[in-house]
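Trainee: I am new to this structure and would like to go through it step by step. Could we begin with the terms and then turn to the residues?

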Amino acid sequence: MLVAVLPASPKSAQETIRALLEADQLTAPVHVRAIYRDPAKAPAEFVAHGSFHAVAGDLSNAASLDLGNADTVFAITPPRYDGTDMMQWARQASENTRAAIQKAGTVKRLVLLSSMGAEQPEGTGEIMTNHIAEEILKDVVPEVVFMRCAYFMENWAPAMETVQSKHPHLSSVITPLDYEIPMDYWLKLLLCKVSVADIGKACATYIMAMDHPKSPYIVEVHGPREYTAKDVQKAFQDVAGHAVELKPVEKADLPAFFGQFLPEASVGPFVEMTRSFLPGGIIAKESGNSPSPDRMYRGRTELVDAIRRMFKRG
């Protein structure tokens, strides 16, 4: 089996490649063609593996993407925080992926990294990039799998700086802080966190699966349990070894909060995304009307373990 990973640089792609190369030692041969803008940046541990091949390709240029002879494509719509219009970039990246797959003529399966909430056609901000990708790629090959992931545990990595500051604190856009998330599909969106390592294992599982009964086939990828904002606070306290204040970011303050670290063009989509799953938001309102996934994949990495790894990596 030849699996093309497009692009190969995101952490979720790296973990998927790692899982595929580990599986290659136990199952039928799995060869990975990893597409990088600069192949020299491929991790040494991958390059040393005989089944790994790094090649040059740029998602912004369809003609540069060589998927020839690939049986399966693992695709990601990577975010861009350089001031580029997020939605336009998602369309361009997805159209180029589609064109490259069709040009190859050998691809039978596409596994697309997506997000919970991607089925909503509007009002979800940054999540709309995943909706765009799903719509463009949903019928590109006979077998399409949407891996709709919960909120990445690693998205809390920027909090390491404030947690280790003179006045340790953690900002939470989930308000009110005692907001209890019901156990229904939509309102679990943010607080069902999953580690990147588990995402990689989940994607590799469905890349190598024998078959899927329908297309597109929808898999929800969750962590081992649901977490609240206070659970995140406790996990950081356990790892840091000291008290951490939990500071709420109210809805009205979201633009200023995201504006501290995002370019202006990205602030609006992130504010809309956040408001969509809070009380009164479009995702919260649609909680009783959402479709059930075809499968649910539960990872094993606990939030405190993911945070501990973040600290070790610095």
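Mentor: A residue is called buried under 20% relative accessible area, exposed over 50%, and partly exposed in between, with a 1.4 Å probe and protein chains only. This is a predicted model, in which local features need pLDDT of at least 70 and side-chain atom pairs count only at pLDDT 80 or more, while totals for chains, interfaces and linings use all residues. Residues are numbered from 1 along each chain as its sequence is written, and side-chain values use heavy atoms, with hydrogens and water left out.

Trainee: Is F257 buried or exposed?

Mentor: The limit for a buried residue is under 20% relative accessible area. F257 has a relative accessibility of 17%, and therefore F257 counts as buried.

Trainee: Which kind of aromatic pair do F257 and F261 form?

Mentor: Rings of Phe, Tyr and Trp (its six-membered ring) pair if their centres lie within 6.5 Å, and planes under 30 degrees apart count as stacked, over 60 as edge-to-face and the rest as tilted. By this rule the count comes to eight aromatic pairs. For F257 and F261 the centres are 5.5 Å apart and the planes stand at 85°, so by the cut-offs the pair is edge-to-face.

Trainee: Which residues do ring pairs link into a cluster together with F257?

Mentor: The cluster is made through ring pairs, and F257 is one of its members. The others linked with F257 are Y81, F258, F261 and F270.

Trainee: Is D253 buried, partly exposed or exposed?

Mentor: D253 lies in the loop between strand 11 (245-248) and helix 8 (254-259), where helices (H or I, at least four residues) and strands (E, at least two) are DSSP runs numbered from the N terminus. Its C-alpha atom is separated by 9.3 Å from that of V173, 80 residues apart along the chain. Because its relative accessibility is 43%, D253 counts as partly exposed.

Trainee: How many disulfides does the count come to?

Mentor: A disulfide is a covalent bond between the sulfur atoms of two cysteines, and here it is counted as a pair of cysteine sulfur atoms within 2.5 Å. For C149 the nearest cysteine sulfur, that of C203, is 5.5 Å away, so C149 is in no disulfide. C149 is buried, with a relative accessible area of 3%, and C203 is buried as well, with 0%. By this rule the count of disulfides comes to zero.
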